[in-house]
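Work through the exercises below with the model open. Each task is followed by its solution.

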Amino acid sequence: MTWFWLLFAVVVIFGFVVFRGAPYVPSRKKELAKAFDELYRLSAKDVLVDIGSGDGIVLREAAKRQARAIGYELNPVLVVISQMLSRRQPLVETCLADFWFVRLPPETTVVYVFGESRDITKMAKKVADEAKRLKKTLAFISYGFVVPGQTPVKKVGAYYLYRFTPLQTDEA
Ligand SMILES: C[S@@+](CC[C@H](N)C(=O)[O-])C[C@H]1O[C@@H](n2cnc3c(N)ncnc32)[C@H](O)[C@@H]1O
């Protein structure tokens, strides 16, 4: 019976997240190599933030390139999995948080998003607003979705790279 309730709780948690953002589907390692080597060359100078970080695969691939990587994830089951899988990666940090309420750390240089079409405009606006608040340019990598009204600076495979500057006016 305990197993039933445990399973029920997990299903409810995964289901609830859908009301706040994209459901869990992990990025693929091969695709991430394209993003971090060809689209935006990640290095030790970078601090990457993954909004909706899932099992942390993006964070670990970023850390392999010596970047600091911070993930915000709403699903506590995935936060625990991410922390376990990343335990040997001191550059990786996974936080339990709803990204709509998160303020990006001032050191952030690049934001990674694997969201869904419903949210992409709002997510891009959030990052553009954070660029203004932090008074710095932020790179924004979107996996699979273009941001309506914004022109990507580069495209590789299914990835789109945008740059949000502090002076940018709202287009999206
Ligand atoms: C498509 S998955 C991408 C996971 C990871 N970024 C990757 O590329 O492998 C989207 C993730 O966002 C999480 N998520 C959805 N809404 C969220 C919210 N409001 N705050 C934090 N995480 C959220 C989901 O639980 C899910 O793990």
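**Exercise 1.** Which residues in the largest nonpolar core touch the most other members?

Solution. Start with the ground rules. This is a predicted model: local features need pLDDT of at least 70, side-chain atom pairs count only at pLDDT 80 or more, and totals for chains, interfaces and linings use all residues. Residues are numbered from 1 along each chain as its sequence is written.

Next, the term. A nonpolar core is a set of buried Ala, Val, Leu, Ile, Met, Phe, Trp, Tyr and Cys residues joined through C-beta atoms within 7 Å. Buried means 20 or more other C-beta atoms within 10 Å of the residue's own, with C-beta atoms placed from the backbone.

The core has 41 residues, and A62, V111, V127, F140 and I141 touch the most other members. Among the elements that give two or more residues are α2 (29-39), β1 (47-51) and α5 (120-134). Helices (H or I, at least four residues) and strands (E, at least two) are DSSP runs, numbered from the N terminus. α5 gives the largest share, six residues.

**Exercise 2.** Which residues does V127 touch, not counting those up to four places away in sequence?

Solution. Contact requires C-beta atoms, placed from the backbone, within 7 Å. V127 touches V111, L138, F140 and F164.

**Exercise 3.** Which residues come nearest to the ligand?

Solution. Take residues whose C-beta atom, placed from the backbone, lies within 6 Å of the molecule. Of the 23 residues around the ligand, R20, G21, S27, G52 and G54 come nearest. α3 (57-64) and β2 (68-73) each supply at least two shell residues.

Key:
A residue is buried if 20 or more other C-beta atoms lie within 10 Å of its own, exposed if 12 or fewer, and partly exposed in between; C-beta atoms are placed from the backbone. Two residues are in contact if their C-beta atoms, placed from the backbone, lie within 7 Å.
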